[in-house]
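Here is a short briefing for a reader who is meeting this structure for the first time. Please keep the sequence and the model in view while going through the points below.

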Amino acid sequence: MSGSPRPPAVHRGDVVVLDWGYSDGGASKVRPAVVVQSDALNRRLTATVLAALTSNTSRTHLSTQLLIEQNTPAGRTAGALRDSAVTAENLLTADRSLVLRRIGRLTSALLSELDDCLRSALGL
C-alpha cells in the first residue's frame, strides 16, 4: 500500500502558477503567485503561503505592493511576461498540490523588498 504522492517542492521566493481559489469558495482561476512561506515550513507542511501576482500595476505606489518590471534582469529571473505587481495584501494558504509549475524566482533584492511589503501589509 503506497501513500499519497508528495506535493511539489516549493521555496520562498519561487514564482509559481497555481489554481487559485476565490475567497467565496466557488470557482478558481489559474494565476501566478510568489511563495512567501519560509523554506523550513515548506519542507514540513503540505500547504504554503503565497502572495498574488497581478498585471494591474496601478497601485505599486502603495507600500504593500512590489513592482516587477518585465524588461529588467530581475523581471526576467522572476519569469515576468509583463510588468506585474506582487500584492502582499492578497495572501493565500494553499495546498502545494495546487501548484502547477514554477515559472521563475525573485532575486534576493526583490525578495527583500517584498519582505518590506509584507511587513506593511501585516502591520509588523
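Buried means a relative accessible area under 20%, exposed means over 50%, and partly exposed lies in between, with a 1.4 Å probe and protein chains only. This is a predicted model, in which local features need pLDDT of at least 70 and side-chain atom pairs count only at pLDDT 80 or more, while totals for chains, interfaces and linings use all residues. Residues are numbered from 1 along each chain as its sequence is written, and side-chain values use heavy atoms, with hydrogens and water left out. Helices (H or I, at least four residues) and strands (E, at least two) are DSSP runs, numbered from the N terminus.

- Thr87, which lies in strand E5 (residues 84–95), is buried because its relative accessible area is 8%.
- Leu62 lies in the loop between E3 and E4, and at 35% relative accessibility it counts as partly exposed.
- Leu124, placed in the segment after H3, is exposed, with a relative accessible area of 73%.

**Salt bridges**

- Taking a salt bridge as a side-chain nitrogen of Lys or Arg within 4 Å of a carboxyl oxygen of Asp or Glu, the count comes to 4.
- Asp115 forms one with Arg12, the closest N and O atoms being 2.5 Å apart, and this pair links distant parts of the chain, since Asp115 is in helix H3 and Arg12 is in the segment before strand E1 (14–21), 103 residues apart.
- The side chains of Asp14 and Arg102 also meet in a salt bridge (3.2 Å, N to O); Asp14 lies in strand E1 and Arg102 in strand E6 (residues 99–105), so the pair ties together parts that are 88 residues apart in sequence.
- Within helix H3, Arg119 and Asp116 are 3 residues apart, about one turn of the helix, and their side chains form a salt bridge at 2.6 Å, N to O.
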